[in-house]
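The sequence and model come next.

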Amino acid sequence: MRQRSISGKNGTSDPSLNFKSGSEIQKQVRSGNGNNHFWTERNIFIGCLGFRIINALLVQTYFNPDEHWQALEVAHRIVFGYGHLTWEWEKGIRSYLHPLIFALLYKILAIFQLDTVWFMIKTPRLLQSLFAAIGDIYLYKLADRCFGKHVSQWALFCQMTNWFMFFCITRTLSNSLETVLTIVSLFYWPFYTSLPGEAHYSPMSRKIALFVAAICCAIRPTSAVLWFYLGIIHLYKAHDKTKFLFFELIPIGAIVLVTTCLLDRWMYGTWILVPLNFLKFNFLSAGGDYYGTHPWHWYFTQGFPAMAFTFLPLSVAGIWLSKEWQLAGLIGWVLGLYSVLGHKEFRFVLPVLPITMMFSGYSLAELDKHSFPSQQKMGKLNETKKWSWKFYVIFILLITNIPTALYMSLVHQRGSEAVMIFLAKEADKGHVQSVTFLMPCHATPYYASVHKNLTMRFLDCTPSSTEQIMDESDCFIRDPLGFASNMLDSLPLPSHLVLFDAQEVQLRDILALHGYIKAQKYFHSHFRVDRELQGYVVVYIQHQTV
């Protein structure tokens with residue numbers, strides 16, 4: 001199949017980023033767009049940034065503990081001197097590179113005395129919205145280089161309207177930043193190097209891709225899964241294998257690795273090789289299985305289809321029509337290799353979701369080009385029916401994804417964040433002395449949201465080397481009454497208790513016996529997720545505190 005040369009900013013050919021088109025859709029794109037004056041990268045980025053800022057402000061629910069406990073909590077401890085470090089930091093399987101980004105943000109807030117409740121809670125996601133917008137514009141540019149301007153516009157549409165991207169990309173998860181960096185590095189990556197000689201592509205482009213990919217792996221060592229696939233293919237096809245391997249890949253990787261090791265040495269106070277520790281725990285010892293396992297096919301049958309949602313048929317069609325098997329293979333490779341691990345989560349495969357959205361955009365762009373057999377030879381009526389068909393497709397996408405995005409971002413599991421806002425405001429007034437969270441571990445944010453150096457306690461769930469030993473969280477879930485009775489009788493009584501309504505039913509009498517009254521109740525969820533239905537988050541206050 002013929003290859004097309006991608007034009008650079010000055011109209012020059014840049015075959016380093018050649019892609020097999022799979023169709024002639026580019027001809028329509030390059031000659032038929034009358035709105036090119038609007039579709040400038042600057043305008044698109046401003047639009048994406050505005051959209052992601054709104055996106056970040058609308059995300060008010062709890063998704064995954066790592067958003068708070070592995071990023072913001074660590075950053076808060078660095079800047080303000082208090083905050084909880086989970087067991088991962090004791091074992092050295094996390095790098096400080098990602099939390100330091102938010103530590104810088106917190107430091108700026110502290111300098112300008114803006115570290116109020118609202119700013120402490122909202123600004124981290126607003127900062128992530130900037131990163132998300134960068135990812136959006138680079139997905140647009142990547143789709144343009146692959147398939148042309150028209151496809152890039154539809155790819156951006158799919159990226160913006162996919163419910164899971166809206167729900168997840170502005171969260172302060174390391175996976176969100178990993179996704180952005182993956183898109184950026186893919187844009188610079190020379191997928192096809194069949195044309196001979198270095199003059200046919202920019203060597204700097206490949207170096208930029210390797211540098212960004214190395215940072216991505218430093219933040220999330222599992223990104224090496226994705227880049228191993230691309231690196232092996234590139235090494236096989238490249239004409240300058242020696243230069244690529246010994247003068248680009250190894251030096252750039254070594255520079256980033258040494259830099260992050262020095263950074264972690266400074267923060268940990270001792271020499272720590274985070275990627276090796278991460279590999280040992282998650283791959284060699286299956287430590288992640290402690291937090292639950294799924295069947296091997298989960299990503300293919302449940303996880304990724306739920307993320308792509310109604311875009312999935314379009315993405316499959318886009319893969320088939322475009323014949324871009326290398327990018328399609330990347331999706332399959334990531335899903336397949338992650339399927340080997342017992343512990344699976346939606347966010348682990350987030351970096352390949354934008355590629356899926358790009359293929360969905362290809363299918364939507366094809367609707368502009370092709371009409372159906374019954375519509376042939378019908379002149380202008382054919383164009384009307386073609387748009388009518390595309391309208392129905394777009395309507396289905398919007399009517400399924402927008403309500404889902406809003407529900408998941410505004411409603412589902414909102415109690416965990418709402419209760420922390422309440423505690424932060426009460427603590428700011430001096431009404432909170434201590435808090436105990438009688439709920440599964442890491443079910444709410446922590447010090448980074450309260451932003452007061454209070455005595456707070458949650459139920460520990462550090463993995464044990466002995467399977468027979470249950471952690472505090474499991475002990476409480478198994479016997480809420482017995483655990484709570486022992487705790488209240490043996491430890492100083494906290495001024496505030498936070499728990500789910502599922503356990504409140506069993507603990508109501510003993511709480512009253514110890515002088516607690518119900519103060520607040522926040523809606524949390526309509527349906528169960530991992531355990532029993534946790535419909536509400538309830539706050540009890542000791543009577544003397546009221």
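What span should the 17 residues of H17 have at 1.5 Å a residue, and how far apart are its end C-alpha atoms? The 17 residues of H17 should span 24 Å, and the end C-alpha atoms are 25 Å apart, which agrees. The expected span of a helix is 1.5 Å times one less than its number of residues. Helices (H or I, at least four residues) and strands (E, at least two) are DSSP runs, numbered from the N terminus. H17 is mostly covered, with 16 of its 17 residues buried. Here buried means under 20% relative accessible area, exposed means over 50%, and partly exposed lies in between (1.4 Å probe, protein chains only).

The model is predicted: local features need pLDDT of at least 70 and side-chain atom pairs count only at pLDDT 80 or more, while totals for chains, interfaces and linings use all residues. Residues are numbered from 1 along each chain as its sequence is written, and side-chain values use heavy atoms, with hydrogens and water left out.

Helix H12 covers residues 241–268. Its 28 residues reach 37 Å from the first C-alpha to the last, close to the 40 Å expected at 1.5 Å a residue. H12 has a kink of about 25 degrees at Leu249, shortly before the proline Pro251. The bend at a residue is the angle between axes fitted to the seven residues ending there and the seven starting there.

The buried residues of H12 are Phe244, Glu248, Ile252, Val256, Thr260, Cys261, Leu263, Asp264 and Tyr268. They pack against helices H4 (87–91), H5 (97–111), H10 (203–219) and H11 (224–237), and against H13. Contact means heavy atoms within 4.5 Å. After H12 comes Gly269, with a positive phi near 85 degrees.

Leu257, also in H12, is partly exposed at a relative accessible area of 38%. Together with Leu273, Leu276, Leu279, Phe283 and Leu284, Leu257 makes a nonpolar surface patch of about 510 Å². Helix H13 (residues 274–284) gives the largest share of this patch, four residues. Patches are made of residues with over 30% relative accessible area and no salt bridge; like charges are joined within 9 Å, and nonpolar side chains (Val, Leu, Ile, Met, Phe, Trp, Tyr) within 5 Å. Accessible areas come from the Shrake-Rupley method with a 1.4 Å probe, and for residues only the protein chains shown count as cover.

**Salt bridges**

A salt bridge is a side-chain nitrogen of Lys or Arg within 4 Å of a carboxyl oxygen of Asp or Glu. By this rule the count is 17.

| Pair | N to O distance |
|---|---|
| Lys141 and Glu41 | 3.9 Å |
| Arg347 and Asp66 | 2.9 Å |
| Glu504 and Arg508 | 4.0 Å |

The salt bridge between Lys141 and Glu41 links distant parts of the chain: Lys141 is in helix H6 (residues 117–147) and Glu41 in helix H2 (residues 41–58), 100 residues apart. Lys141 is buried at 13% relative accessible area, whereas Glu41 is partly exposed at 38%.

Arg347 and Asp66 also meet in a salt bridge, and this pair is 281 residues apart, with Arg347 in the loop between helix H16 (325–340) and helix H17 (353–369) and Asp66 in helix H3 (residues 66–80). Arg347 counts as buried at 4% relative accessibility, and Asp66 counts as buried at 13%. Asp66 and Arg347 belong to a network of salt bridges that includes Arg94 and Glu345.

Glu504 and Arg508 are separated by about one helical turn, because they are four residues apart in helix H23 (residues 501–513). Glu504 is buried at 3% relative accessibility, while Arg508 is partly exposed at 39%.

**Two histidines with positive phi**

Most residues other than glycine have a negative phi. His442 has a positive phi of about 60 degrees although it is not a glycine. His442 lies in the loop between strand E3 (434–438) and helix H20 (447–450), and is buried at 13% relative accessibility. His451 has a positive phi of about 55 degrees. The loop between H20 and strand E4 (455–458) holds His451, which is buried with a relative accessible area of 11%.

**Leu481**

Where is Leu481 placed? Leu481 is in helix H22 (residues 480–490) and counts as partly exposed at 41% relative accessibility. Leu481 touches Gln506, Leu507 and Ile510, not counting residues up to four places away in sequence. Leu481 and Ile510 are 29 residues apart in sequence and 8.0 Å apart in space, C-alpha to C-alpha.
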